[in-house]
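I opened this entry to look up two things.

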Amino acid sequence: MRLEKTDIISMSYCELEKIFAEKGVKSFRAKQIFKWIHEKRVFDFDGMTDIPVQMRMYLKEIFCIKRLFIQKRLESSIDNTVKYLYRLDDGNFVETVLMQYNYGYSVCVSTQVGCKMGCRFCASAIAGFVRNLTPSEILMQIYETEKNKGVKVSGVVLMGIGEPLDNYGNVVKFLDILSDSRGNNLSLRHVSLSTCGIVPRIYDLAELKLGLTLSVSLHCADDKGRSEIMPVNNAYNISELIQACRDYISRTGRRITFEYAVIDGINSSDSHADRLADLIRGINCHVNIIPVNKVRERSYRSARSGVRNFAERLGRRGINATVRRILGSDIEASCGQLRRDAIEKSNYNMDGGADF
Ligand code: SAH
(Lines give C-alpha, C1' and ligand atoms only; values in the text may rest on other atoms or scores of the structure.)
Protein backbone atom coordinates (compact mmCIF):
# COMPACT_ATOMS: atom_id res chain seq x y z
CA MET A 1 0.00 0.00 0.00
CA ARG A 2 1.32 3.47 -0.90
CA LEU A 3 1.43 5.94 1.93
CA GLU A 4 -0.51 9.16 1.43
CA LYS A 5 1.94 12.07 1.13
CA THR A 6 1.63 14.95 3.60
CA ASP A 7 0.45 18.28 2.19
CA ILE A 8 3.38 20.47 3.22
CA ILE A 9 1.34 23.72 2.97
CA SER A 10 -0.83 22.57 5.89
CA MET A 11 2.23 22.30 8.12
CA SER A 12 3.05 25.04 10.60
CA TYR A 13 6.65 26.16 10.95
CA CYS A 14 7.02 24.24 14.22
CA GLU A 15 5.62 21.05 12.70
CA LEU A 16 8.00 21.30 9.77
CA GLU A 17 10.96 21.82 12.09
CA LYS A 18 9.88 18.87 14.23
CA ILE A 19 9.44 16.46 11.33
CA PHE A 20 12.81 17.50 9.89
CA ALA A 21 14.48 16.98 13.26
CA GLU A 22 12.98 13.47 13.46
CA LYS A 23 14.39 12.69 10.04
CA GLY A 24 17.80 14.15 10.85
CA VAL A 25 17.46 17.14 8.51
CA LYS A 26 19.08 20.41 9.70
CA SER A 27 16.55 22.89 11.07
CA PHE A 28 17.60 25.75 8.76
CA ARG A 29 16.11 23.72 5.91
CA ALA A 30 12.66 24.12 7.52
CA LYS A 31 13.19 27.88 7.49
CA GLN A 32 14.24 27.86 3.83
CA ILE A 33 11.36 25.69 2.67
CA PHE A 34 8.74 27.57 4.71
CA LYS A 35 9.99 30.77 3.10
CA TRP A 36 9.92 29.30 -0.42
CA ILE A 37 6.29 28.33 -0.01
CA HIS A 38 4.73 31.05 2.11
CA GLU A 39 6.81 34.07 1.15
CA LYS A 40 8.15 33.38 -2.34
CA ARG A 41 5.15 31.23 -3.37
CA VAL A 42 7.10 28.55 -5.15
CA PHE A 43 4.79 25.54 -5.29
CA ASP A 44 7.21 23.07 -6.83
CA PHE A 45 10.18 21.55 -4.98
CA ASP A 46 12.38 21.80 -8.08
CA GLY A 47 12.00 25.57 -8.00
CA MET A 48 13.58 25.73 -4.52
CA THR A 49 17.01 26.37 -5.91
CA ASP A 50 19.01 26.61 -2.68
CA ILE A 51 17.85 23.13 -1.59
CA PRO A 52 20.26 20.38 -2.77
CA VAL A 53 18.86 18.17 -5.54
CA GLN A 54 19.04 15.04 -3.36
CA MET A 55 16.98 16.69 -0.67
CA ARG A 56 14.40 17.92 -3.17
CA MET A 57 13.93 14.33 -4.31
CA TYR A 58 13.50 13.25 -0.73
CA LEU A 59 10.96 16.04 -0.10
CA LYS A 60 8.97 14.94 -3.16
CA GLU A 61 8.80 11.43 -1.75
CA ILE A 62 7.20 12.40 1.53
CA PHE A 63 5.39 15.67 0.79
CA CYS A 64 3.02 17.01 -1.82
CA ILE A 65 1.88 20.51 -2.70
CA LYS A 66 -1.80 20.63 -3.59
CA ARG A 67 -2.78 23.52 -5.82
CA LEU A 68 -6.28 24.83 -6.51
CA PHE A 69 -7.64 25.11 -10.04
CA ILE A 70 -9.79 27.95 -11.29
CA GLN A 71 -13.04 26.37 -12.44
CA LYS A 72 -14.77 29.70 -13.00
CA ARG A 73 -13.85 33.33 -12.56
CA LEU A 74 -16.25 36.27 -12.62
CA GLU A 75 -15.05 39.86 -12.61
CA SER A 76 -17.40 42.68 -11.66
CA SER A 77 -17.54 45.49 -14.16
CA ILE A 78 -18.76 47.83 -11.42
CA ASP A 79 -16.11 47.62 -8.70
CA ASN A 80 -13.30 45.17 -9.69
CA THR A 81 -14.54 42.47 -7.31
CA VAL A 82 -13.43 39.06 -8.60
CA LYS A 83 -15.18 35.86 -7.62
CA TYR A 84 -13.40 32.52 -8.05
CA LEU A 85 -14.84 29.05 -8.03
CA TYR A 86 -11.86 26.85 -7.14
CA ARG A 87 -11.74 23.12 -7.77
CA LEU A 88 -9.99 21.16 -5.05
CA ASP A 89 -7.83 18.08 -5.44
CA ASP A 90 -10.80 15.74 -4.85
CA GLY A 91 -13.13 17.50 -7.30
CA ASN A 92 -15.06 19.54 -4.72
CA PHE A 93 -15.59 23.27 -5.23
CA VAL A 94 -15.19 26.31 -3.00
CA GLU A 95 -15.69 30.02 -3.54
CA THR A 96 -13.27 32.88 -2.91
CA VAL A 97 -13.85 36.59 -3.46
CA LEU A 98 -11.21 39.27 -4.03
CA MET A 99 -12.38 42.75 -3.08
CA GLN A 100 -10.67 46.06 -3.73
CA TYR A 101 -10.90 48.83 -1.17
CA ASN A 102 -9.16 52.18 -1.12
CA TYR A 103 -6.59 50.79 1.35
CA GLY A 104 -5.82 47.65 -0.63
CA TYR A 105 -7.10 44.18 -1.42
CA SER A 106 -9.03 41.85 0.84
CA VAL A 107 -9.90 38.21 0.24
CA CYS A 108 -12.99 36.41 1.50
CA VAL A 109 -12.22 32.71 1.98
CA SER A 110 -14.33 29.59 2.48
CA THR A 111 -13.57 27.27 5.38
CA GLN A 112 -15.70 24.22 4.53
CA VAL A 113 -17.11 22.51 1.45
CA GLY A 114 -20.72 23.42 2.15
CA CYS A 115 -22.13 24.14 5.59
CA LYS A 116 -24.17 22.31 8.26
CA MET A 117 -25.64 25.38 9.90
CA GLY A 118 -28.75 25.69 7.76
CA CYS A 119 -29.31 29.47 7.96
CA ARG A 120 -32.49 29.97 5.95
CA PHE A 121 -31.29 32.98 3.95
CA CYS A 122 -27.91 31.52 2.97
CA ALA A 123 -27.14 29.84 -0.37
CA SER A 124 -24.34 27.75 1.20
CA ALA A 125 -26.87 25.96 3.37
CA ILE A 126 -29.00 24.95 0.39
CA ALA A 127 -26.14 23.02 -1.23
CA GLY A 128 -25.45 20.93 1.93
CA PHE A 129 -22.25 19.95 3.75
CA VAL A 130 -19.48 17.75 2.38
CA ARG A 131 -16.28 18.22 4.42
CA ASN A 132 -13.93 20.55 6.24
CA LEU A 133 -11.18 22.35 4.34
CA THR A 134 -7.57 21.70 5.33
CA PRO A 135 -5.34 24.61 6.42
CA SER A 136 -3.64 24.33 3.02
CA GLU A 137 -6.93 24.61 1.12
CA ILE A 138 -7.85 27.77 3.05
CA LEU A 139 -4.38 29.32 2.56
CA MET A 140 -4.22 28.41 -1.12
CA GLN A 141 -7.42 30.36 -1.80
CA ILE A 142 -5.39 33.45 -0.87
CA TYR A 143 -2.13 32.44 -2.56
CA GLU A 144 -3.76 31.34 -5.84
CA THR A 145 -5.89 34.48 -5.94
CA GLU A 146 -2.84 36.69 -5.37
CA LYS A 147 -0.97 34.83 -8.11
CA ASN A 148 -3.87 35.05 -10.53
CA LYS A 149 -4.37 38.79 -10.08
CA GLY A 150 -0.74 39.70 -9.44
CA VAL A 151 -1.62 41.53 -6.22
CA LYS A 152 -0.75 41.28 -2.53
CA VAL A 153 -3.65 40.99 -0.16
CA SER A 154 -3.67 43.14 2.98
CA GLY A 155 -6.78 41.74 4.64
CA VAL A 156 -8.53 38.38 4.95
CA VAL A 157 -12.12 37.69 5.98
CA LEU A 158 -13.39 34.24 6.88
CA MET A 159 -16.87 34.86 5.53
CA GLY A 160 -17.13 32.54 2.55
CA ILE A 161 -18.77 29.13 2.47
CA GLY A 162 -18.80 27.25 5.77
CA GLU A 163 -18.77 27.93 9.49
CA PRO A 164 -15.16 28.62 10.57
CA LEU A 165 -15.74 27.62 14.18
CA ASP A 166 -17.17 24.27 13.03
CA ASN A 167 -13.71 23.61 11.53
CA TYR A 168 -11.91 25.06 14.53
CA GLY A 169 -8.60 23.14 14.53
CA ASN A 170 -7.87 23.67 10.85
CA VAL A 171 -8.90 27.32 10.99
CA VAL A 172 -6.63 28.05 13.97
CA LYS A 173 -3.75 26.34 12.19
CA PHE A 174 -4.48 28.31 9.03
CA LEU A 175 -4.30 31.55 11.08
CA ASP A 176 -1.00 30.46 12.61
CA ILE A 177 0.59 29.79 9.21
CA LEU A 178 -0.93 32.90 7.58
CA SER A 179 0.53 35.20 10.24
CA ASP A 180 3.93 33.51 10.74
CA SER A 181 6.63 36.17 10.36
CA ARG A 182 8.94 33.61 8.72
CA GLY A 183 6.46 33.20 5.85
CA ASN A 184 3.41 35.15 4.74
CA ASN A 185 3.53 37.45 7.79
CA LEU A 186 0.01 38.92 7.71
CA SER A 187 -0.96 40.54 11.00
CA LEU A 188 -4.13 38.99 12.41
CA ARG A 189 -5.29 42.58 13.09
CA HIS A 190 -6.20 42.50 9.40
CA VAL A 191 -8.26 39.31 9.68
CA SER A 192 -11.98 38.98 10.49
CA LEU A 193 -13.63 35.72 11.41
CA SER A 194 -17.40 35.46 11.08
CA THR A 195 -19.42 32.96 13.06
CA CYS A 196 -23.10 32.09 13.34
CA GLY A 197 -22.47 31.62 17.08
CA ILE A 198 -20.84 28.33 18.10
CA VAL A 199 -20.59 29.44 21.73
CA PRO A 200 -17.99 26.97 23.16
CA ARG A 201 -15.58 27.76 20.34
CA ILE A 202 -15.96 31.53 20.95
CA TYR A 203 -14.64 30.90 24.49
CA ASP A 204 -11.79 28.79 23.07
CA LEU A 205 -10.89 31.48 20.55
CA ALA A 206 -10.90 34.18 23.24
CA GLU A 207 -8.28 32.20 25.17
CA LEU A 208 -5.91 32.27 22.18
CA LYS A 209 -5.96 36.12 22.14
CA LEU A 210 -5.18 36.20 18.44
CA GLY A 211 -5.96 39.87 17.80
CA LEU A 212 -8.38 39.17 14.97
CA THR A 213 -11.83 40.76 14.68
CA LEU A 214 -14.69 38.51 15.64
CA SER A 215 -17.89 39.04 13.64
CA VAL A 216 -21.02 37.47 15.01
CA SER A 217 -23.95 36.84 12.67
CA LEU A 218 -26.84 37.89 14.86
CA HIS A 219 -29.58 38.79 12.35
CA CYS A 220 -32.31 38.86 15.00
CA ALA A 221 -32.35 39.91 18.66
CA ASP A 222 -35.11 37.62 19.96
CA ASP A 223 -34.82 33.86 20.35
CA LYS A 224 -38.04 32.94 18.60
CA GLY A 225 -37.28 34.98 15.49
CA ARG A 226 -33.60 34.00 15.41
CA SER A 227 -34.34 30.28 15.74
CA GLU A 228 -36.67 30.53 12.75
CA ILE A 229 -33.93 31.81 10.46
CA MET A 230 -30.85 30.34 12.19
CA PRO A 231 -31.19 26.77 13.55
CA VAL A 232 -27.93 27.21 15.51
CA ASN A 233 -29.95 29.35 17.92
CA ASN A 234 -31.67 26.18 19.16
CA ALA A 235 -28.30 24.90 20.33
CA TYR A 236 -26.89 28.19 21.69
CA ASN A 237 -29.46 30.88 22.44
CA ILE A 238 -29.02 34.63 22.35
CA SER A 239 -28.22 35.12 26.02
CA GLU A 240 -25.51 32.41 25.90
CA LEU A 241 -24.14 33.99 22.73
CA ILE A 242 -24.06 37.51 24.19
CA GLN A 243 -22.36 36.18 27.33
CA ALA A 244 -19.66 34.58 25.16
CA CYS A 245 -19.26 37.85 23.23
CA ARG A 246 -18.81 39.82 26.46
CA ASP A 247 -16.20 37.28 27.58
CA TYR A 248 -14.41 37.57 24.22
CA ILE A 249 -14.25 41.37 24.49
CA SER A 250 -13.03 41.39 28.08
CA ARG A 251 -10.33 38.77 27.46
CA THR A 252 -9.03 40.11 24.17
CA GLY A 253 -9.71 43.85 24.54
CA ARG A 254 -11.09 43.77 21.00
CA ARG A 255 -14.33 45.32 19.82
CA ILE A 256 -16.60 42.85 18.07
CA THR A 257 -18.88 43.23 15.08
CA PHE A 258 -22.47 42.07 14.91
CA GLU A 259 -23.73 41.23 11.43
CA TYR A 260 -27.38 41.97 10.76
CA ALA A 261 -28.89 41.12 7.35
CA VAL A 262 -32.15 43.04 7.13
CA ILE A 263 -34.93 40.90 5.65
CA ASP A 264 -38.28 42.55 4.89
CA GLY A 265 -41.09 41.28 7.09
CA ILE A 266 -38.75 39.01 9.12
CA ASN A 267 -36.35 41.13 11.18
CA SER A 268 -36.71 44.64 9.77
CA SER A 269 -39.30 46.41 11.94
CA ASP A 270 -38.76 49.27 14.38
CA SER A 271 -39.36 46.91 17.28
CA HIS A 272 -36.65 44.56 15.93
CA ALA A 273 -34.24 47.51 15.87
CA ASP A 274 -35.24 48.53 19.40
CA ARG A 275 -34.77 45.01 20.72
CA LEU A 276 -31.34 44.83 19.10
CA ALA A 277 -30.38 48.18 20.64
CA ASP A 278 -31.51 46.99 24.10
CA LEU A 279 -29.63 43.71 23.70
CA ILE A 280 -26.24 45.16 22.82
CA ARG A 281 -26.29 48.51 24.62
CA GLY A 282 -23.05 48.96 26.57
CA ILE A 283 -21.17 46.25 24.67
CA ASN A 284 -17.99 47.39 22.90
CA CYS A 285 -19.28 46.58 19.42
CA HIS A 286 -20.19 47.79 16.00
CA VAL A 287 -23.21 46.69 13.95
CA ASN A 288 -22.79 45.90 10.29
CA ILE A 289 -26.13 46.15 8.56
CA ILE A 290 -26.38 44.19 5.32
CA PRO A 291 -29.25 44.30 2.84
CA VAL A 292 -30.04 40.58 2.42
CA ASN A 293 -28.64 39.21 -0.82
CA LYS A 294 -31.17 37.55 -3.07
CA VAL A 295 -30.93 33.77 -3.12
CA ARG A 296 -32.78 32.13 -5.98
CA GLU A 297 -34.64 29.52 -3.91
CA ARG A 298 -35.81 32.01 -1.28
CA SER A 299 -38.18 34.93 -1.44
CA TYR A 300 -36.25 37.04 1.09
CA ARG A 301 -35.89 40.67 0.09
CA SER A 302 -34.47 43.84 1.54
CA ALA A 303 -35.87 47.25 0.58
CA ARG A 304 -33.33 50.05 0.55
CA SER A 305 -35.62 52.28 2.64
CA GLY A 306 -36.06 49.52 5.25
CA VAL A 307 -32.30 49.14 5.62
CA ARG A 308 -31.84 52.90 6.02
CA ASN A 309 -34.64 53.13 8.59
CA PHE A 310 -33.18 50.28 10.57
CA ALA A 311 -29.73 51.85 10.65
CA GLU A 312 -31.07 55.27 11.60
CA ARG A 313 -33.20 53.87 14.39
CA LEU A 314 -30.21 52.06 15.86
CA GLY A 315 -28.16 55.24 15.56
CA ARG A 316 -30.80 57.26 17.43
CA ARG A 317 -30.61 54.66 20.20
CA GLY A 318 -26.88 55.22 20.53
CA ILE A 319 -25.74 52.11 18.69
CA ASN A 320 -22.72 52.32 16.42
CA ALA A 321 -24.03 50.97 13.09
CA THR A 322 -23.12 51.21 9.42
CA VAL A 323 -24.67 49.82 6.27
CA ARG A 324 -22.22 47.60 4.45
CA ARG A 325 -21.37 48.60 0.90
CA ILE A 326 -22.39 45.90 -1.54
CA LEU A 327 -19.53 44.73 -3.76
CA GLY A 328 -19.80 42.58 -6.84
CA SER A 329 -23.57 42.96 -7.16
CA ASP A 330 -23.40 41.96 -10.84
CA ILE A 331 -21.54 38.65 -10.25
CA GLU A 332 -23.68 36.58 -7.89
CA ALA A 333 -21.67 37.61 -4.85
CA SER A 334 -23.87 35.77 -2.30
CA CYS A 335 -21.71 33.00 -0.94
CA GLY A 336 -22.53 29.51 -2.07
CA GLN A 337 -24.29 30.37 -5.32
CA LEU A 338 -21.49 29.51 -7.75
CA ARG A 339 -20.72 26.25 -6.02
CA ARG A 340 -24.35 25.25 -6.02
CA ASP A 341 -24.63 26.00 -9.75
CA ALA A 342 -21.53 23.89 -10.45
CA ILE A 343 -22.97 21.03 -8.41
CA GLU A 344 -26.27 21.21 -10.27
CA LYS A 345 -24.38 20.95 -13.55
CA SER A 346 -22.27 17.99 -12.50
CA ASN A 347 -24.86 16.26 -10.27
CA TYR A 348 -22.29 16.07 -7.54
CA ASN A 349 -23.25 13.86 -4.61
CA MET A 350 -23.49 15.25 -1.10
CA ASP A 351 -24.98 14.62 2.26
CA GLY A 352 -26.13 17.58 4.29
CA GLY A 353 -28.25 18.88 7.09
CA ALA A 354 -27.63 20.48 10.42
CA ASP A 355 -26.49 18.61 13.50
CA PHE A 356 -28.86 20.30 15.89
N1 SAH B 1 -20.75 30.80 8.82
C2 SAH B 1 -20.26 32.11 9.09
C3 SAH B 1 -19.57 32.79 7.93
C4 SAH B 1 -20.11 32.63 6.55
S5 SAH B 1 -21.38 33.67 5.94
C6 SAH B 1 -21.36 32.97 9.66
O7 SAH B 1 -22.49 32.51 9.71
O8 SAH B 1 -21.07 34.07 10.10
C9 SAH B 1 -20.83 35.32 6.07
C10 SAH B 1 -21.97 36.30 6.43
O11 SAH B 1 -22.92 36.40 5.35
C12 SAH B 1 -22.77 35.88 7.65
O13 SAH B 1 -23.04 36.99 8.45
C14 SAH B 1 -24.04 35.34 7.03
O15 SAH B 1 -25.09 35.32 7.94
C16 SAH B 1 -24.23 36.31 5.87
N17 SAH B 1 -25.13 35.85 4.83
C18 SAH B 1 -25.36 34.61 4.36
N19 SAH B 1 -26.29 34.63 3.38
C20 SAH B 1 -26.64 35.92 3.22
C21 SAH B 1 -27.55 36.57 2.36
N22 SAH B 1 -28.30 35.91 1.48
N23 SAH B 1 -27.66 37.92 2.47
C24 SAH B 1 -26.90 38.60 3.36
N25 SAH B 1 -26.03 38.04 4.20
C26 SAH B 1 -25.91 36.70 4.14
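I began with Phe121: one of its backbone N or O atoms lies 2.8 Å from a nitrogen atom of the ligand. I count a polar contact as a pair of N or O atoms within 3.5 Å; within protein, one must be able to donate a hydrogen and the other to accept it, and residues adjacent in sequence count only if both atoms are side-chain atoms. The model is predicted, so local features need pLDDT of at least 70 and side-chain atom pairs pLDDT 80 or more, while totals for chains, interfaces and linings use all residues. Residues are numbered from 1 along each chain as its sequence is written, and side-chain values use heavy atoms, leaving out hydrogens and water.

Next I checked side chains. An N or O atom in the side chain of Glu163 is 3.0 Å from a nitrogen atom of the ligand. For His219, a side-chain N or O atom is 2.6 Å from an oxygen atom of the ligand. On its own the ligand has 530 Å² of accessible area, and the protein covers 93% of it (Shrake-Rupley method, 1.4 Å probe).

Strands here are DSSP runs of E, at least two residues, numbered from the N terminus.

On to the sheet. Ten strands form an open, mixed sheet in the order β3-β4-β5-β6-β9-β10-β11-β12-β13-β14. Two strands pair if DSSP finds at least two bridges between them. β3 (69–75) and β14 (321–323) are the edge strands, each pairing on one side only.

I followed β12 to β13 (285–291): they run parallel, joined by seven bridges. Ala261 has Ile290 in β13 as its bridge partner. β3 and β4 (82–87) run antiparallel, with six bridges. Phe69 stands opposite Arg87 in β4.

Note on methods:
Helix = DSSP H or I, 4+ residues; strand = E, 2+ residues; numbered from the N terminus.
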